[in-house]
Amino acid sequence: MSYKETRIPHQGAPPRTVLVVDDSALVRRVVCDLIAATGEFHVIGTASDGLDALAKVHALDPDIVTLDIEMPGIDGIAVLGYIMSEAPRAVVMLSGLESRGAVDMTMRALELGAVDFVRKPAGALGDETPVMASRLLDALRAAAVVNLRGVPMLGRVALPAERTRAAARGAHAAIAIASSTGGPRALLEVVPALTREFDAAVLIAQHMPRGFTAGLARRLDAMSSLGVSEAAHGEVVLANHVYIAPGGQHMTVTSDGTQARIALDGSAPVWGVRPAADPLFVSVAGHFGAACVGIVLTGMGRDGSAGLAAIRRAGGGAVVQDRATATVYGMPRSALEHAGADVVAPLRSIAESAFQLIGARRATGSAR
């Protein structure tokens with residue numbers, strides 16, 4: 001989900017093959033040209049609709065599929081569902097409009113197992129092609145190292161219990177989460193497992209472009225017993241609420257002298273991404289001290305490593321997703337190397353591990 005994450009060097013192995021699927025001949029040509037220019041991937045074929053795509057997945061057996069979401073007839077969601085159930089492989093979605101419907105379809109694709117998505121330019125292709133080229137290359141590199149065995153391990157998410165009304169109050173403990181490639185799918189398992197028993201604010205930095213984090217928040221809110229929203233600058237950080245950093249902005253925690261508040265800014269990307277987890281984690285450690293837990297989930301690169309180290313230095317807990325269930329193991333591996341962890345857990349146990357760490361700190365008086 002990043003813009004400029006760790007590059008995967010080409011080391012002499014045959015390039016990964018890519019099937020390009022889009023109902024627009026112009027987009028197919030542009031995507032094929034961008035892929036050819038990388039020198040790292042080889043276009044093995046193209047398809048203009050869903051039926052053509054399914055036939056060529058079987059005939060050509062590509063390593064990676066780039067798949068348009070909105071196509072006439074069989075759309076990209078239906079094609080993706082078939083691929084992941086019958087012929088699993090890495091899929092990168094191509095998403096067009098930023099309408100609510102299109103964003104929600106993109107979120108659904110990520111839940112079904114797409115590795116990442118790339119926004120197609122809204123205007124003339126030539127104006128935004130360099131940005132698309134950079135994002136496409138990052139997404140293909142992530143697809144090249146994806147752990148397909150980890151994707152089907154996502155458990156079925158139960159419908160949330162009915163929300164109970166309680167007086168809003170400022171948070172005295174926090175859980176900070178870093179996630180990137182494969183993150184929306186992972187968050188769909190972790191966030192619904194967080195309950196009011198945690199009695200903590202939850203702050204999430206998911207690497208995702210502007211316009212899509214609101215859709216992620218809506219989806220998580222519909223599946224969770226805690227309220228979930230895209231964060232707004234200056235709002236009070238409340239216990240038992242989940243805040244998603246808006247795409248294109250860093251999110252940190254500041255203090256007004258009496259309580260924690262959300263701060264958003266458009267400062268330079270960190271590790272090539274914005275929002276980044278490191279600034280969030282460092283600020284959470286500074287405000288909440290030992291009364292916080294950092295969680296590093298799936299993703300490429302090393303974002304979250306320095307922040308997790310800051311949380312541990314402040315006395316907070318650290319949970320890192322294990323290799324077997326991570327879609328891409330880059331961020332968890334880097335976190336372990338640079339910060340260590342109290343717990344290395346499979347996806348299904350992440351929430352419980354965080355609960356135990358927060359509980360232990362309350363029991364010893366470290367957390368208020």
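Me: Quick one on this model. How many bridges join S7 to S9, and which way do the two strands run?
Reply: Three bridges join S7 to S9, and the two run parallel. Keep in mind that this is a predicted model. Leu203 sits opposite Tyr243 of S9.

Me: Which residue is the bridge partner of Gly227 in S9?
Reply: His241 is the partner of Gly227. That pair belongs with strand S8, residues 227-230, which runs parallel to S9 over four bridges.

Me: And the side chains of S9, which way do they point?
Reply: His241 and Tyr243 point one way from S9, which covers residues 241-244. Val242 and Ile244 point the other way. All four residues are buried.

Me: Let's zoom out. What does the secondary structure of the chain come to?
Reply: Eleven helices and 14 strands. The chain has 368 residues, and buried ones make up 57% of them. Of the contacts with a separation of 6 or more, 76% are between residues 24 or more positions apart.

Me: What about the open sheet, what's its strand order?
Reply: The order is S2-S1-S3-S4-S5, five strands with parallel pairing. S2 (41-47) and S5 (116-119) are at the edges. Each has a single partner strand, so one side of each lacks a neighbour in the sheet. On average, neighbouring strands here are turned by 25 degrees against each other, ignoring direction.

Me: How many bridges between S4 and S5?
Reply: Four, in the parallel sense, with S4 spanning residues 90-95. Ser95 stands opposite Arg119 of S5.

Me: Which helix packs on that sheet?
Reply: H1, residues 25-38, packs on the sheet. H1 touches S1 (16-21), S2, S3 (64-68) and S4. The direction of H1 makes about 165 degrees with that of S2.

Me: What span does H1 reach?
Reply: H1 has 14 residues and reaches 20 Å from first C-alpha to last, close to the 20 Å expected at 1.5 Å a residue. Its buried residues are Val27, Arg28, Val30, Val31, Cys32, Leu34 and Ile35. Gly39 follows H1 with a positive phi, near 75 degrees.

Me: Switching to cores. How many residues are in the largest nonpolar one?
Reply: 59 residues. Those with the most contacts inside it are Leu67, Met93, Ile175, Ile177, Ile295 and Leu297. A second, separate core has 34 residues, including Ala239, Ala245, Ala318 and Ala335.

Me: Take Ile295. What is it in contact with, beyond its neighbours in sequence?
Reply: Leaving out residues within four places in sequence, Ile295 contacts Ile175, Ala176, Ile177, Ala178, Phe281, Leu308, Val319, Ile350 and Ala354.

Me: Phe281 is in H8. Which H8 residues are buried?
Reply: Ala277, Asp278, Leu280, Phe281, Ser283, Val284, Ala285 and Phe288. They pack against strands S6 (174-179), S7 (201-206), S10, S11 (260-265) and S12 (292-296), and against helix H9 (305-313).

Me: And how far does H8 reach?
Reply: H8 runs over residues 277-288, twelve in number, and reaches 16 Å from its first C-alpha to its last. That is close to the 16 Å expected at 1.5 Å a residue. Gly289 comes after H8, and its phi is positive, near 60 degrees.

Me: Last one. Where is Asp265, and what does it touch?
Reply: Asp265 is in S11. It is partly exposed, at 29% relative accessible area. Asp265 touches Gln249, His250 and Arg274, leaving out residues up to four places away in sequence. Gln249 is 16 residues from Asp265 in sequence and 5.4 Å away in space, C-alpha to C-alpha.

Technical notes:
Residues numbered from 1 in each chain as written. Predicted model: local features only at pLDDT ≥ 70, side-chain atom pairs only at ≥ 80, totals over all residues. Heavy atoms only, no water. Core = buried A, V, L, I, M, F, W, Y, C linked by side-chain atoms within 4.5 Å. Buried < 20%, exposed > 50% of the residue type's maximum accessible area, 1.4 Å probe, protein only. Contact = heavy atoms within 4.5 Å. Expected span 1.5 Å × (residues − 1). Pairing = 2+ DSSP bridges. Axes fitted to C-alpha atoms, helices over the stretch in contact; angles between N-to-C directions.
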